[in-house]
Amino acid sequence: MAVKVSRIFHAGYVMECAGTRIAFDPLFESPFSRNCYAYPAVEFDHAAIRNLRLDAVFVSHYHDDHCSFDSLKLLDRTTPIYMFCIHDEMFSWIKELGFSQVYALKLNSSVRIGSFEVISHPALDIDVDSVFEVQVEGLKILNVVDSWLDTETYESLAAQRPWDLVMWPFQTMRELEVLEPTEAQPSDRKLPSEWVEQLQGLRPRTLIPSSCQFRMEDWSWYNHAFFPISYKDFTSQILKALPETKIVNLRPTTSILLTKSGVSEAESLPWVKLVGDPQADYQYQADLVPPTTAQIASHFPKLDSEGKKEVVRYCTHGLIEKFKEVGPSGDLYFNKPRTWQLLVFDQDGTSNEFIYEVNEDCLSPLTKADSAPEWSTEVIAAKLYSALTTGESLTSLYLRVNKTVDVEVIEDPLIRCLFNGEFGSYQKAQLARIKNEEAL
């Protein structure tokens, strides 16, 4: 019996067989995560999605490009939700959203839904990600989501080769490089050798380059700096290593029928429409000169007086308190007093400067710097305000770090204060807003 595999977009899939329909990491919104737009572009029929009946939804992990309450809220609240997450709060929040059947996935255990058996495996980041194995009608499907496989998981999966279908993340996103563009080395546009070796070991009959079906705002320089691998790059490099594998570039909305004899085209999803160029591909520009933070700030709204006051309060008080709370950096560089400059840009390109002394877990304001700071952070006022009030991702902040020392950019004081130890801020803000909207 054939299994129908449909791509919503990004890491979202629907699988159907023998009257059973399940979904993985479904997103019904564009943009998601503030500034991630489906690529190629799609339009959703939310009325039809509200009438959609799914036998189960599986969520691989809590990142907001896989678990968004603005998407889940469209589904029938009796839909069973199975999710891997080590934080119990997430399951409570999903129940607050109105779902009555919410289950925590245990790694290396299985769930049977109709003819489907779904087994969740640990990923390399074992406290965050999971990988899905799907057994159905004698077919073996592996959905790696956007994870990396650790050695033990890989070896157990390779022992089951060949796989009938593998969905494998194809993009090596430059999430940290865009934060520090002056220091970043250009990408060689090659797939990690570990990926190629693992795919050779898995021996997929059919392979879908998966996840990362998005881009940023049309004006964003990230579109040519963040995504170094094109579909063309992925296909050519994989076919050299796996010439017998059939690569299917499954675009948003499109579907295939999978059998033991191979794959064929199938009817597209009726509740999501592809409106962008179906042949759209990523175009990395190694020599791209990024715009200044002052120039980027012009694309965002001007803060009102209350918003400005909140940002200043955070920079003069809240940031200092939060820095103490998150504790000292793990890098020895901050084990002795260092001067840190924070520049907050308004829409008109002007900036407010804040100078601090950083010493272990203590952040102290200074009236001026005795010398040029070795570390300077730039952020846009509107984005910082949004991060404080409704949540932002590191990618959507357009934060910029300029430093002259060899220290990991994630040790930046502002990054650590905004993101260290904060679980589910995006979903918490979504839940509060949704409950307020439903109460009206």
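## Nonpolar cores

In this predicted model, the largest nonpolar core has 114 residues. Those with the most contacts inside this core are F69, M90, W168, L342 and L414. In soluble globular proteins, nonpolar side chains tend to be buried together.

## Around W168

W168 is one of the residues with the most contacts inside the largest core. With its neighbours within four places in sequence left aside, W168 is in contact with V144, L149, W195, Q198, L199, L202, L207, I208, P209, S210 and F234.

## Cavities

Rolling a probe the size of a water molecule over the atoms shows where empty space is left. How many cavities of 30 Å³ or more does a search of the whole structure find? The search finds two.

The largest cavity has a volume of about 50 Å³. Its lining consists of A297, F300, P301, K302, L303, K308, F345, D346, Q347, I380, A381 and A382. By class, eight residues of this lining are nonpolar, one is polar and three are charged.

The second largest cavity holds about 30 Å³ of space. V178, W221, Y222, T293, I296, Y398, L399 and R400 line the second largest cavity. Six residues of that lining are nonpolar, one is polar and one is charged.

Terms used
Residues are numbered from 1 along each chain as its sequence is written. This is a predicted model: local features need pLDDT of at least 70, side-chain atom pairs count only at pLDDT 80 or more; totals for chains, interfaces and linings use all residues. Side-chain values use heavy atoms; hydrogens and water are left out. A nonpolar core is a set of buried Ala, Val, Leu, Ile, Met, Phe, Trp, Tyr and Cys residues joined through side-chain atoms within 4.5 Å. Buried means under 20% relative accessible area, exposed over 50%, partly exposed in between (1.4 Å probe, protein chains only). Contact means heavy atoms within 4.5 Å. On a 1 Å grid over the protein atoms alone, a cavity is a set of points where a 1.4 Å probe fits but cannot get out, and a pocket is an open set with protein on both sides within 12 Å along at least five of seven lines; lining residues have an atom within 4 Å of a point. Grid points are joined across faces, edges and corners, and a volume is the space filled by probe spheres set on the points. Ala, Val, Leu, Ile, Met, Phe, Trp, Tyr, Cys and Pro count as nonpolar, Asp, Glu, Lys and Arg as charged, and the others, Gly among them, as polar.
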